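Please have a look at the model on the screen, and I will then walk through it slowly.

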Amino acid sequence: MLTIMRRMFAIILILAAVTSPLMAFNYKSVLKNNKANKLYEEGDYQKAKELYQENSIKQPEREDLRFNLGDAFYKNKEYKKAISEFNSALEDNKLDPSSINYNMGNSFFHEKKYKEALQYYKEALINNPNNSDARFNYELVQKMMQKQKQQQQQQNKDQ
């Protein structure tokens with residue numbers, strides 16, 4: 001009986017030793033993410049980006065961190081990096097695809113890739129027909145592309 005108790009005690013000690021660092025890691029990660037969220041809300045996008053990056057490197061499977069990192073890249077005008085992070089975030093079924101696609105559209109818009117922006121705004125609307133921001137941007141990009149096409153046609157006529 002004493003031997004069984006010693007074995008159980010040893011198993012409990014081993015489990016505690018193994019899970020303790022994991023719990024500490026998750027706790028640190030949550031604190032870091034909360035701090036990054038606060039910095040983002042305060043407008044310190046550079047520091048928020050750095051904290052989101054640290055967390056996403058340590059937890060690459062967390063697409064919610066990728067979404068936050070994408071937002072921070074976007075706010076820092078690093079649109080190509082934002083697009084990459086938003087693409088990763090699309091893999092998470094728990095996140096709102098309309099918001100992700102809308103942000104992708106905005107990133108492509110700033111890259112002056114209007115065709116891609118239009119497609120992502122369309123995807124945002126497919127996922128959420130009530131996304132008024134995506135609808136406004138979709139219509140705006142459509143008008144811009146139509147105007148560009150007309151200007152191109154006029155230039156071709158003039159030549």
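Predicted model: local features only at pLDDT ≥ 70, side-chain atom pairs only at ≥ 80, totals over all residues.

Let me begin with a definition: a residue is called buried if its relative accessible area is under 20%, exposed if that area is over 50%, and partly exposed in between, with a 1.4 Å probe and protein chains only. By that rule lysine 112 is exposed, because its relative accessible area is 60%.

Residues are numbered from 1 along each chain as its sequence is written, and side-chain values use heavy atoms, with hydrogens and water left out.

Now for the overall picture. The protein chain has 7 helices and 0 strands, where helices (H or I, at least four residues) and strands (E, at least two) are DSSP runs numbered from the N terminus. Of the 159 residues in the protein chain, buried ones make up 33%. If we count a contact as heavy atoms within 4.5 Å, then among the contacts in the protein chain with a separation of 6 or more, 44% are between residues 24 or more positions apart.

Let me return to lysine 112, which sits in the loop between α5 and α6 (114-127). Its phi is near 60°, a positive value in a residue other than glycine. To put that in context, most residues other than glycine have a negative phi. Lysine 77 also has a positive phi, of about 60°, although it is not a glycine, and its place is the loop between α3 and α4. Is lysine 77 buried or exposed? It counts as exposed, because its relative accessibility is 61%.

Next, the packing of helices. In general, two packed helices are described by the angle between their axes and the distance between the axes. The axes here are lines fitted to C-alpha atoms, for helices over the stretch in contact, and the angles run from 0 to 180 degrees between N-to-C directions. For α3 (residues 63-75) and α5 (residues 97-110), the axes come within 11 Å and cross at roughly 25°. That makes α3 roughly parallel to α5, given that angles under 35 degrees count as roughly parallel, over 145 as roughly antiparallel, 65 to 115 as roughly perpendicular and the rest as oblique. On the α3 side the contact is made by Phe67, Asp71 and Tyr74, and on the α5 side by Ser99, Ile100, Asn103, Asn106, Ser107 and His110.

Helix α4 (residues 79-89) has as its buried residues Tyr79, Ala82, Ile83, Glu85, Phe86, Ser88 and Ala89, and the buried residues of α4 pack against α3 and α5. Take serine 88 as one of them: it is buried, with a relative accessible area of 18%, and, leaving aside its neighbours within four places in sequence, it is in contact with Glu63 and Arg66.

Which residues does asparagine 68 contact, if we leave aside its neighbours within four places in sequence? They are Asn33, Asn37 and Tyr52. Asparagine 68 is found in helix α3, and it counts as buried because its relative accessibility is 17%.

My last topic is salt bridges, where a side-chain nitrogen of Lys or Arg lies within 4 Å of a carboxyl oxygen of Asp or Glu. By this rule the count comes to 5 salt bridges. In one of them the side chains of lysine 38 and glutamate 42 meet at 3.3 Å, N to O, and both lysine 38 and glutamate 42 are exposed. Another joins the side chains of arginine 62 and aspartate 64 at 2.6 Å, N to O; here arginine 62 is partly exposed, with a relative accessible area of 23%, and aspartate 64 counts as partly exposed at 25% relative accessibility. There is also a salt bridge between the side chains of glutamate 78 and lysine 81, at 3.4 Å, N to O. Through salt bridges that share partners, Lys49, Glu78 and Lys81 are joined into one network.
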